[in-house]
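Have the sequence and the 3D view open as you read.

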Amino acid sequence: MAASSAESSFCIIDHTADLALEIQAVDLAAFFRQALRGMAELILPAASDPPPPGFSQILELELDAPDAEVLLVDMLNRVNLESSLANTVFRELEIDEVSARKMRGRARGYVTDQRFDIDIKAVTYHGLEIKKLENGRFSGQILFDI
Amino acid sequence: MALPDSLRAHGNMCWEIPTSHGASMRVPARIFAAESMLKSIGSDRSIEQLVNVASLPGIQEAALVMPDVHEGYGFPIGGIAATEYPHGAISPGGIGYDINCGVRMLTTEFRFKQLRNRFQALAEELFKRVPSGVGRGGLLKLSANEMDKVLNQGAPYMVAQGFGTQRDIHFTESQGRLEWADANKVSDDARRRGLNQLGTMGAGNHFVELDRVDAIFDRHTAETFGLEEDQVVVLIHTGSRGLGHQVATDYIRTMIGAMPRYDIVLPDRELACVPFSSNEGRDYFGAMAAAANFAWANRQLITCRVREAFDHVLGAERVGSIEVLYDVAHNIAKIEEHSVGGENKRVIVHRKGATRAFGPGHPEVVEEYRSVGQPVLIPGSMGTASYVLAGTEMSMRCSFGSTCHGAGRRMSRSKARREVHAGDLLKELKQLGIVVQAGSKRGVAEEAPKAYKDVDSVVDVVQDAGIARKVARVRPLAVIKG
């Protein structure tokens, strides 16, 4: 399964016991946005749970980390935690500021009655590397323990 | 990673990759497997991950994997690493996100024929009483004070509250409580994730199952464990749920931040570790133990729900008691004494998808089982056999008192969904006399028997290698899943 917007995309990849997302993005902010969208798609595909107009749930995010990979995992783990606690699907990420060590913004989503397809135990660091390609685009893969 | 050229036989059903294979390897890597399994094992990143584990600071003797190995994240699933106590590494990745995922077997006094027409009703009742599936909370919501007590005291606290008997905890690994647990080291986030999850099964490969003992391999040991042919038994497979996941998440993050202070550089961040004796190491060990206690409390409460379900369905027909045969953890770290290079040493044994298999005479095996070794419970998939094994002296010598933990996945969930039609599978299982009560057809397809390795082969390897002994085989009658 794949989805894209403005030349950035995510793709769900098979893994023996878990699931991974392959992400291509025009910049780091787009990489983070695609990662969050991809995670939401893993939890509950939009096709089976059409999002309501306007997202009522807002999760403020202000994170610091030693590098972009840890920052990304921190962001996704924070969103996954809140998502699992209140059956909330966060499908959009607004970013005020992002660098390799800092991110400020908010995830937007909605509470759903639908049962999630999978339980993400955690977002892992396994094999995670956000690569900046020669053409300036960003690429990487994230593995989820499910 | 393809199998390395340096791979060589190392005794029966064991293969070794020497330290010369990789510059960072501190000890050899050993694979317990039949020769015919090696190609499959080499088809994913399990071997690469095992080689990485061999680079952990303070690792002793060898990094090990069992025949049910498959690629994980950081550690391979089915991995065992013992590190030097107290200054060797402690690594949350060596325990996994589902801390104290484990298996409990309950024995009943029923024979198959007595319940022949009741399995559907029992499955439906168990499905009601043991919430399963993604995000399903339990019927018991803990106060903050009660949560502290569960985390510090584990299954014995549940028994003190009326959920079960002293006998239940006597026949649980570590008596259902790790005494060094420290609830204060468990974050508020982790507590929030676990608040309403006690008594719940979760999703994925977790289950509650009614089984029939269909083969006895070692009559004396089976009798010692209270098993007879045709007996109906119950298997419970679950762990510490969201609470344990969050503890692992929290501490892997902490250790990534701390590793530079200890000059630790590793090939994979999921192997993040610190010296056990450091503040971060001690904190994690206390939090991990608290999550393990939560898991034992969880399986204890589910045990009570199973008893209630039998009472409800069978009423006056219910005879005898439902007793815990044993309860084992297969994702955990413990300080244990083992022989390393001919010297008895305390080591920190990480088991990630591996089961403790202490042999006869070991003081930590309860007196009732001490002459035969501890029971080792190996769950299969929903259509295949599960096994009761016994620990051996060889496992004490060769695998830090450990053996395999299950069939091991061989197919991704997506591939299983593509290849298996849940409706057809349910019909096939019904023809085999297996009732399935599941929350989702997706889950049924993902957990299809073909998605797993052949559990019979896995168990044959550990028996042939001498690191466990077959006692009995059970086959599913009713499977309850998320």
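This is a predicted model: local features need pLDDT of at least 70, side-chain atom pairs count only at pLDDT 80 or more; totals for chains, interfaces and linings use all residues.

Setting aside neighbours within four places in sequence, B:Q231 is in contact with B:T107, B:T108, B:F110, B:R111, B:D211, B:R212, B:V213 and B:G226. B:Q231 belongs to strand β9 of chain B, which covers residues 231-238. With a relative accessible area of 4%, under the 20% cut-off, B:Q231 counts as buried. Its side chain also has a polar atom 3.0 Å from the backbone oxygen of B:T108.

One of those contact partners, B:R111, takes us to a charged pair. The side chains of B:R111 and B:E228 form a salt bridge, with N and O 2.6 Å apart. B:R111 sits in strand β7 (residues 102-111) and B:E228 in the loop between α9 (219-225) and β9, so this pair ties together parts of chain B that are 117 residues apart in sequence. Both ends are partly exposed: B:E228 has a relative accessibility of 44%, and B:R111 one of 25%.

Now turn to B:E446. The side chain of B:E446 meets that of B:R413 in a salt bridge of 3.8 Å, N to O. B:R413 and B:E446 are both buried.

B:E446 also forms a salt bridge with B:R417, at 2.4 Å between the closest N and O atoms. B:R417 lies in helix α13, so this pair too ties α13 to α15, joining parts 29 residues apart. Here B:E446 is buried at 7%, whereas B:R417 is partly exposed at 32%.

Finally, step back: B:R413, B:R417 and B:E446 belong to a salt-bridge network that also includes A:D117, B:R409, B:R442, B:E447 and B:K481.

Technical notes
Residues are numbered from 1 along each chain as its sequence is written. Chains are lettered from A and ligands numbered from 1 in the order in which they are written. Side-chain values use heavy atoms; hydrogens and water are left out. Helices (H or I, at least four residues) and strands (E, at least two) are DSSP runs, numbered from the N terminus. Buried means under 20% relative accessible area, exposed over 50%, partly exposed in between (1.4 Å probe, protein chains only). A polar contact is a pair of N or O atoms within 3.5 Å; within protein, one must be able to donate a hydrogen and the other to accept it, and residues adjacent in sequence count only if both atoms are side-chain atoms. Contact means heavy atoms within 4.5 Å. A salt bridge is a side-chain nitrogen of Lys or Arg within 4 Å of a carboxyl oxygen of Asp or Glu.
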